[in-house]
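Subject: Structure handover

Hello,

Here is the structure for you to look over. My notes follow below it.

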Amino acid sequence: MRERVGKGDAGTLESEQEDTPHRGAGETQRGRRDRTGARSWLRSLRPGKTVLIVHVEKNAIWREPARAADTYRGKKKNGYKESKKKGDKTAGYNEGEGRPQSRSSSPVVGGLRLAMGNTIRAFVAFIPADRCQNYVARDLREMPLDRMVDLSGSQLRRFPVHVCSFQELVKLYLSDNRLNSLPPELGQLQNLQILALDFNNFKALPQVVCTLKQLCILYLGNNKLCDLPRELSLLQNLRTLWVEANYLTKLPEVVCELSLLKTLHAGSNALRLLPGQLQRLRELRTIWLSGNLLTDFPPVLLHMPFLEIIDVDRNSIRYFPSLAHLSSLKLVIYDHNPCRNAPKVAKGVRRVGRWAEETPEPDPRKARRYALAREESQEAQLPALPPLPPTNS
């Protein structure tokens, strides 16, 4: 391995066997695309930048910088002469071609080159410059035919602004990145219906998200949110909201203003109670509250007969009131609570938790009639008392 350092304005990352007919068995089309994108990115760098050129060939790896006065082939030619004079192991290069005279290709070479392409992508992701982030985003230039862009797991630190030009975009997935802000240009995506921002570093919801009035599904889980802005109420088409695994100590009241909300995921926070205004959400059907700090079953849920699924798993609830009057209820999950009883439910409702297999509470009127009939049968089965003996006066 050898290393030479210098400064220059433009460099090219060339594949040593790009023109050879033999490629390693580990080579894939994606790897070739990665190297092509890397070359175009390096050519666009400004003067004065130090560029690290990575060469991989025959299990030998070394690095050298891009220099302003040298073209790639000239640089390689000079490098060949220098190494030949010093008796370096890299001797044996063809001066005219600038690549080794390979007699055979190895599967290790192709796999190693692909791995280096992924390494370059990971390295560039740490540079917050827009040009670098665009390279990590795989240089999207045209909107996909399915009107969906998935940049999940791309290690993005800045959102690639050119994606905002896809004004017909319907789905945008930015999960599992390192984003903590979004550009105001995102407001151009007025047709967006699904936005995934989970598993990022947001400490506050960017205001531009509240301008996307066609949003139906919003994923905000696994961030660092302590509250939600009042402007969230502008998203009146929102049907599903995920805010699980954040730093919420109370459910933001603005959630109660999302009149069409059907599913609310608020698990793995630090909630101790729910606001009474939650019963305004007449369309709410599912609420997930597992992994919070609830010590009592939220009273507001007792006034929401339209709920179909209630999940209060992994809380600190010690007593469950009767849920038999919730006519639409289909499933209640109450496992991992230090409860002394199971919630009583109507017939046909599934329970998940301790004592879940016990018979659910019957209808009150049927229970009363059953109790009276049982008393009458017991009286009929009692033996007749013997007559009293006569008394002598």
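Are Phe320 and Tyr334 buried or exposed? Phe320 is buried, and so is Tyr334. Buried means under 20% relative accessible area, exposed over 50%, and partly exposed in between (1.4 Å probe, protein chains only).

Some ground rules. This is a predicted model, where local features need pLDDT of at least 70, side-chain atom pairs count only at pLDDT 80 or more, and totals for chains, interfaces and linings use all residues. Residues are numbered from 1 along each chain as its sequence is written, and side-chain values use heavy atoms, with hydrogens and water left out.

The sheet

Strands (E, at least two residues) are DSSP runs, numbered from the N terminus. Two of them pair if DSSP finds at least two bridges between them. Three bridges join β13 and β14 in the parallel sense. Ile333 has Val352 in β14 as its bridge partner.

Aromatic pairs

The whole structure holds three aromatic pairs. Rings of Phe, Tyr and Trp (its six-membered ring) pair if their centres lie within 6.5 Å; planes under 30 degrees apart are stacked, over 60 edge-to-face, the rest tilted.

- Tyr219 and Trp242 are tilted, because their ring centres lie 5.5 Å apart with planes at 40°. Tyr219 sits in β8 (residues 217-219) and Trp242 in β9 (residues 240-242), 23 residues apart. Tyr219 is partly exposed at 23% relative accessibility. Trp242 is partly exposed at 25%.
- Phe320 and Tyr334 are edge-to-face, because their centres are 5.4 Å apart and their planes at 65°. Phe320 lies in the loop between β12 (309-311) and β13 (331-333), Tyr334 in the loop between β13 and β14 (350-352), so the pair ties together parts 14 residues apart in sequence.

Phe297, Phe320 and Tyr334 form one aromatic cluster.

Asn223

Asn223 is in the loop between β8 and β9. Its relative accessible area is 5%, so Asn223 is buried. A polar atom of its side chain lies 3.3 Å from the backbone nitrogen of Asn200. The backbone oxygen of Gly221 is 3.1 Å from a polar atom of the Asn223 side chain.

Best regards

Terms used: Helices (H or I, at least four residues) and strands (E, at least two) are DSSP runs, numbered from the N terminus. A polar contact is a pair of N or O atoms within 3.5 Å; within protein, one must be able to donate a hydrogen and the other to accept it, and residues adjacent in sequence count only if both atoms are side-chain atoms.
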